[in-house]
Amino acid sequence: MSDNAIKVNVLLFGACREVAGASELQFNLTAPADVASAWAEIKNRFPNLEKFERSALFAVNEEHSRKDQPLKDGDTLAIFPPVSGG
Amino acid sequence: MKNRMDIFEITREPIDKLGLEKRLLTGGAGAIVTFDGVVRDNTKGRRVVSLQYEAYEPMAVREMRRIGDEIRQQWPDVERVGIIHRFGPLRISESSVVIVITSPHRRVAFEACRYAIDRLKQTVPIWKKEIFEDGEEWVEGQAPEVKE
């Protein structure tokens with residue numbers, strides 16, 4: 001692993017999990033990374049997730065986050081559709 | 001601090017509504033307002049057989065706690081806040097979420113309870129899928145406003 005590589009834990013929920021066929025995985029990213037660059041990598045691996053391009057929401061370390069949120073080594077990135085609890 | 005006694009839980013088990021009210025009731029309360037969200041047997045004219053809920057558990061509890069904090073800022077008179085959301089498979093008429101607010105007088109309890117369920121539907125990471133007789137579909141949720 002080179003100096004500018006980081007590892008991020010990725011969690012998928014709801015329809016995103018189902019479409020990808022995965023709920024938890026690790027991604028190696030090149031620093032500097034943010035939610036947007038991680039999302040691009042994840043869509044590369046799971047092209048079916050492209051249908052969530054407009055609707056997907058993100059959380060970094062259990063906090064709702066925007067796409068420009070930076071990611072560092074060891075962060076947990078959750079990806080999910082708009083919530084529908086209640 | 002009153003909020004140390006608040007209750008925020010995610011559970012696979014049926015929700016004990018009366019038990020939650022009892023755990024939150026204090027001598028200073030003059031009103032308990034409880035919202036009980038139950039599974040409906042139809043959506044847009046289609047017959048629903050059951051619902052399947054999925055939760056991002058630790059984050060869901062954090063977001064529910066945040067709703068409790070927001071309620072205490074907006075309605076300082078609130079005595080106790082309790083929110084329990086269930087996940088997994090749920091049958092018709094079972095409770096998916098129960099929210100209990102206690103306060104000295106009824107008005108703030110009504111207002112805070114309404115706020116809690118509206119906010120929960122925007123921010124708490126839980127998703128539901130409707131199971132029909134002839135298929136299944138994830139419910140499209142609303143996008144929350146992400147604070148800068």
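Guide: A salt bridge is a side-chain nitrogen of Lys or Arg within 4 Å of a carboxyl oxygen of Asp or Glu. Please keep in mind that this is a predicted model, in which local features need pLDDT of at least 70 and side-chain atom pairs count only at pLDDT 80 or more, while totals for chains, interfaces and linings use all residues. Residues are numbered from 1 along each chain as its sequence is written, chains are lettered from A and ligands numbered from 1 in the order in which they are written, and side-chain values use heavy atoms, with hydrogens and water left out.

Visitor: How many salt bridges are there between chain B and chain A?

Guide: There are five salt bridges between chain B and chain A. One of them pairs A:E63 with B:R66, whose closest N and O atoms are 2.9 Å apart.

Visitor: What classes of residue does chain B bring to the side that touches chain A?

Guide: That side of chain B has 17 nonpolar, six polar and ten charged residues. Here Ala, Val, Leu, Ile, Met, Phe, Trp, Tyr, Cys and Pro count as nonpolar, Asp, Glu, Lys and Arg as charged, and the others, Gly among them, as polar.

Visitor: What area is buried there?

Guide: About 2400 Å² is buried between chain B and chain A, and carbon and sulfur atoms give 54% of this. Buried area is the accessible area (1.4 Å probe) that two parts lose on being put together, summed over both. The contact (heavy atoms within 4.5 Å) takes 33 residues from chain B and 24 residues from chain A.

Visitor: New topic: is B:R86 buried or exposed?

Guide: B:R86 counts as buried because its relative accessibility is 8%. Buried means under 20% relative accessible area, exposed over 50%, and partly exposed in between (1.4 Å probe, protein chains only). B:R86 is placed in strand β5 (residues 80–86) of chain B; helices (H or I, at least four residues) and strands (E, at least two) are DSSP runs, numbered from the N terminus.

Visitor: Which backbone oxygens does its side chain reach?

Guide: The side chain of B:R86 reaches the backbone oxygen of B:R12 at 3.3 Å and that of B:E13 at 3.5 Å.

Visitor: Why does B:V61 count as partly exposed?

Guide: B:V61 counts as partly exposed because its relative accessibility is 23%. B:V61 lies in helix α2 of chain B and, leaving aside neighbours within four places in sequence, is in contact with B:F8 and B:I10.

Visitor: What about helix α1 of chain B; which residues are buried there?

Guide: In α1 (residues 17–24) of chain B, the residues B:G19, B:L20, B:E21 and B:L24 are buried. Their cover includes β1 (7–11), β2 (31–38), β5 and β7 of chain B. At the start of α1(B), a side-chain oxygen of B:D16 comes to within 2.9 Å of the backbone nitrogen of B:G19.

Key:
A polar contact is a pair of N or O atoms within 3.5 Å; within protein, one must be able to donate a hydrogen and the other to accept it, and residues adjacent in sequence count only if both atoms are side-chain atoms.
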